[in-house]
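The following questions and answers examine a structure step by step. Please consult the sequence and the model while reading.

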Amino acid sequence: MKVYEKAPAKINLSLDVLYKRADGYHEVEMVMTMVDLADRLEMSELPRDTIIISSQAGYIPLDEKNLAFQAARLIKDRYQVKQGVYIHLDKKIPVAAGLAGGSSDAAAALRGLNRLWKLNIPTEELQRLGAELGSDVPFCVTGGTAVARGRGEKLEMIDNPPQCWVVLAKPPINVSTADVYGRFNAAKGQRRISSKDVIESIESQDFHRLCSSMGNMLEDVTVGAYPEVRQLKESMQRLGADGVMMSGSGPTVFGLVSKESKVARVYNGLRGFCKEVYVVRMLT
Ligand SMILES: C[C@@](CO)(OP(=O)(O)O)[C@H](O)COP(=O)(O)OP(=O)(O)OC[C@H]1O[C@@H](n2ccc(N)nc2=O)[C@H](O)[C@@H]1O
Ligand SMILES: Nc1ncnc2c1ncn2[C@@H]1O[C@H](COP(=O)(O)OP(=O)(O)O)[C@@H](O)[C@H]1O
């Protein structure tokens, strides 16, 4: 038997870092949603007690460092599953980009293996398992739009944002999330981000208020280390995107655009100097 799952990318519409906790993680408040750029997972039963990962992408680990492998091992251990699984990852989401590609693959593996092995694990339990794999995995289990608190695992589902185009541009650098949080200095008194404004703008489906209230406290850290992220932001703004921000720890920059007529201009303008540009929709 085989099962298939889609693993969409996420973007952060707000990312407020409140403080560094005693366990080394940062307490956050962020609004997250999914876009229709997705990896695809094909999971097939293996009679042997083994986990095999393959992918067309040459640049991700295929061993126990792969988050889909870790998801399979966790579920096998916790539910004493003796069968094995072969997971093929068709990667479309750029890696180490701030788009949660690995986390979404792990979440898709949890959902898919729950079906493949007929385990009937409730969604909340899949999310608890996901939290053992990474802070963004619980959100990726359900997707939708959510306010994430704690280190990212405490989720409150909210309405989807007003529909619009999303232009994603990833500069050719890889950013480590641990490194960005490590450089973040909560005491430095950065501009505070109001997730409340973002949440209210979504509740009232006010696209322009959403664009003006977005903010990401990790942006200054990544921009400080990689000036090309600022250049990309400025270019997107100049080309007419309505709201522009870095996603997560970066380096991907996204622009929200309400009018179809403007999307081509933003896309073509960016393609002149940035190889990885995608035009997607928010998942509703
Ligand atoms: C910044 C965000 C925003 O959505 O996304 P990405 O840029 O990774 O996509 C997340 O907070 C990333 O979540 P995730 O990528 O799952 O992080 P994890 O694997 O749990 O943690 C990687 C490292 O980041 C740091 N970390 C992560 C989350 C958090 N709330 N505080 C932290 O300090 C820790 O040093 C941890 O060792
Ligand atoms: N299935 C996977 N897809 C992508 N990256 C993975 C995967 N499993 C493990 N990784 C590793 O996780 C790290 C973060 O990747 P990713 O989740 O794409 O980034 P981000 O957390 O910035 O959104 C990378 O260094 C990559 O090698």
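Q: Which residues are the closest to ligand 2?
A: In this predicted model, 20 residues surround ligand 2. The elements that give two or more residues to this shell are helix H1 (67-78) and H2. The closest residues are Asn66, Leu67, Gly101, Gly102 and Asp105.

Q: Which element gives the largest share of the shell around ligand 2?
A: The shell around ligand 2 draws at least three residues from each of domain 1 (2-158) and domain 2 (165-281). Its residues divide into 10 nonpolar, 8 polar and 2 charged. The largest share, 4 residues, comes from H2.

Q: How are H2 and H3 oriented to each other, and why?
A: Helix H2 (residues 101-116) packs against helix H3 (residues 123-131) at an angle of about 140°, with the axes 10 Å apart. Angles over 145 degrees would count as roughly antiparallel, and 65 to 115 as roughly perpendicular. H2 and H3 are therefore oblique.

Q: Which residues of H3 make the contact with H2?
A: The crossing of H2 and H3 is right-handed. On the side of H2, the contact is made by Ala106, Ala107, Leu110, Arg111 and Asn114. On the side of H3, the residues are Leu126, Leu129 and Gly130.

Q: How many residues of the shell around ligand 1 are charged?
A: Of the 20 residues around ligand 1, Gly134, Ser135, Tyr181, Gly248 and Ser249 come nearest. Strand E1 (2-20), strand E2 (26-46) and helix H5 (177-183) are the elements that give two or more residues to the shell. The shell around ligand 1 has 7 nonpolar residues and 11 polar ones, and the number of charged residues is 2.

How values were computed. Residues are numbered from 1 along each chain as its sequence is written. Chains are lettered from A and ligands numbered from 1 in the order in which they are written. This is a predicted model: local features need pLDDT of at least 70, side-chain atom pairs count only at pLDDT 80 or more; totals for chains, interfaces and linings use all residues. A residue is near a molecule or strand if its C-beta atom, placed from the backbone, lies within 6 Å of it. Ala, Val, Leu, Ile, Met, Phe, Trp, Tyr, Cys and Pro count as nonpolar, Asp, Glu, Lys and Arg as charged, and the others, Gly among them, as polar. Axes are lines fitted to C-alpha atoms, for helices over the stretch in contact, and angles run from 0 to 180 degrees between N-to-C directions. Angles under 35 degrees count as roughly parallel, over 145 as roughly antiparallel, 65 to 115 as roughly perpendicular and the rest as oblique. A crossing is left-handed if the near helix is turned anticlockwise from the far one by less than a right angle, and right-handed if clockwise. Two residues are in contact if their C-beta atoms, placed from the backbone, lie within 7 Å. Domain bounds come from an automatic or database domain assignment.
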